[in-house]
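Q: I am new to this structure. Please show me how to read it, feature by feature.

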Amino acid sequence: MIAFKFLASGAVGPFTGFAWPTPTSSGPGAWVEVPPESIPDRGIHACLTEHLSFWLDDELWIAELADPVQRSSDQLISSRGRLLQRAAWAREVAIDLGQACTFKARDAAARVLQNNGRLREADRLLSCSSLVELQGVAREISEPCKTDFLANLAGYVADAATFANVGEVATVTYIVAEFARASAGAIAAASERAWQGRWIAERLKLPRAGEHATV
Amino acid sequence: MTNGSTPDLACKEVVELVTEYLEQTLSHNERTRFEQHLAICGGCKEYLREIRSTIDLSRKLSQGALAPNVRDELLTLFRKWKAG
């Protein structure tokens with residue numbers, strides 16, 4: 001099954017430190033196998049498009065998982081896997097993702113403010129054209145009253161803009177998912193994560209995950 | 001950062017769970033939450049790296065690697081600490 005796997009620089013597992021065999025001119029990387037005696041849910045972890053943004057790291061790889069593949073809430077697990085190809089995920093793509101997420105949250109916050117008659121604050125958010133400006137304006141809206149739910153939504157936008165500004169994109173995706181959860185609940189948070197994954201897949205023209213590999 | 005059914009971990013909880021994580025005794029759900037926190041928290045990722053590095057270095061230590069005066073000094077300090 002085709003799946004995706006974020007790795008640290010040098011094709012290294014970010015949590016295990018495992019150095020993955022990478023593809024060569026003659027074909028995909030070597031299969032990596034988890035010993036059968038290992039704990040049942042341990043294995044080769046990868047993910048589908050909708051879960052990509054949970055696992056952002058330096059490198060994104062298109063991987064193949066051998067059947068059977070176990071699906072958990074936000075990742076896939078198999079006893080065997082291999083790297084097929086490195087995707088064009090790069091720092092500048094991550095920065096663009098952070099910006100896209102932040103302005104999407106800005107638009108959503110402005111809609112909520114508009115729907116509640118707070119047109120001036122909504123207009124102020126919508127007039128921002130840069131992350132720095134948005135960070136300042138959203139903070140001004142959110143600061144005066146911490147118990148004001150609507151103002152608090154602007155606080156999420158301010159936080160997202162702050163982290164987007166310094167390139168901490170994994171944190172931005174998290175904040176924006178939490179913004180969605182705060183404004184519309186858990187399903188909205190999952191939808192936001194799925195949108196983030198689709199953004200990555202479309203930008204990088206990734207193959208469809210979940211299908212069988214033809215390599 | 002979850003699919004909505006379980007709350008996120010705070011940095012403090014990551015520090016508390018790091019031993020269980022390294023000993024692979026966390027449940028699947030706990031481990032996923034732990035790793036999802038690491039994915040967004042550079043500080044905790046660095047903390048885990050340091051703990052792993054400390055464990056690796058400790059494994060390489062042997063009695064012979066300790067200079068006699070350092071060993072005596074440590075033993076004296078330990079005895080004083082034990083004596084209260």
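A: Start with burial: a residue is buried if 20 or more other C-beta atoms lie within 10 Å of its own, exposed if 12 or fewer, and partly exposed in between, with C-beta atoms placed from the backbone. By this count, buried residues make up 46% of the 215 residues in chain A. The model is predicted, and local features need pLDDT of at least 70, side-chain atom pairs count only at pLDDT 80 or more, while totals for chains, interfaces and linings use all residues. Residues are numbered from 1 along each chain as its sequence is written, and chains are lettered from A and ligands numbered from 1 in the order in which they are written.

Q: How many helices and strands does chain A have?
A: Helices (H or I, at least four residues) and strands (E, at least two) are DSSP runs, numbered from the N terminus. Chain A has six helices and seven strands. Along the sequence their pattern is β-β-β-β-β-β-β-α-α-α-α-α-α. The C-alpha trace of chain A spans about 60 × 30 × 30 Å along its principal axes.

Q: Which domains does the assignment give for chain A?
A: Domain bounds come from an automatic or database domain assignment. For chain A, that assignment gives domain 1 (2–87) and domain 2 (92–184). The centres of these two domains of chain A, taken over C-alpha atoms, are separated by 33 Å.

Q: What is the strand order in the open sheet of four strands?
A: Strands of a sheet pair through backbone hydrogen bonds, either parallel or antiparallel. Two strands count as paired if DSSP finds at least two bridges between them. In chain A the order of the open sheet is S1-S4-S7-S2, and the pairing is antiparallel. Strand S1 (2–7) and strand S2 (32–33) of chain A stand at the edges with a single partner strand each, so one side of each has no neighbour in the sheet.

Q: How many bridges join S4(A) to strand S7 of chain A?
A: Five bridges join S4(A) to strand S7 (residues 80–86) of chain A, and the two run antiparallel. Here Ile62(A) stands opposite Gln85(A) in S7(A). With S1(A), strand S4 (residues 59–65) of chain A pairs in the antiparallel sense over six bridges. In that pairing Ala63(A) is the bridge partner of Ala3(A), and Leu7(A) stands opposite Glu59(A).

Q: Which way do the residues of S4(A) point?
A: In a regular strand the side chains alternate between the two faces of the sheet. From S4(A), Glu59(A), Trp61(A), Ala63(A) and Leu65(A) point one way, and Leu60(A), Ile62(A) and Glu64(A) the other way. Seven of the seven residues of S4(A) are buried, so this strand is largely enclosed by the rest of the structure.

Q: Which residues touch the most other members of the largest nonpolar core?
A: A nonpolar core is a set of buried Ala, Val, Leu, Ile, Met, Phe, Trp, Tyr and Cys residues joined through C-beta atoms within 7 Å. The largest one has 75 residues, of which Ala3(A), Phe4(A), Val157(A) and Ala160(A) touch the most other members. Helix H4 (residues 149–165) of chain A gives the largest share of this core, ten residues. Domain 1 (2–87) and domain 2 (92–184) of chain A each supply at least three residues of this core.

Q: Which residues does Ala160(A) touch?
A: Two residues are in contact if their C-beta atoms, placed from the backbone, lie within 7 Å. Not counting residues up to four places away in sequence, Ala160(A) touches Cys101(A), Thr102(A), Ala105(A), Val172(A), Ile175(A) and Val176(A).

Q: How many residues of chain A are in contact with chain B?
A: On chain A there are 17 residues in contact with eleven residues of chain B. Helix H5 (169–184) and helix H6 (186–204) of chain A each supply at least two residues of the side that touches chain B. The largest share of that side, four residues, comes from H5(A).

Q: What is the mean pLDDT of chain B?
A: pLDDT is the predictor's confidence in each residue, from 0 to 100. The mean for chain B is 85, and 92% of its residues reach 70 or more. Over residues 1–5 of chain B the pLDDT is below 50. Where pLDDT is low, the predicted coordinates should not be read in detail. The model scores ipTM 0.79 and pTM 0.84.
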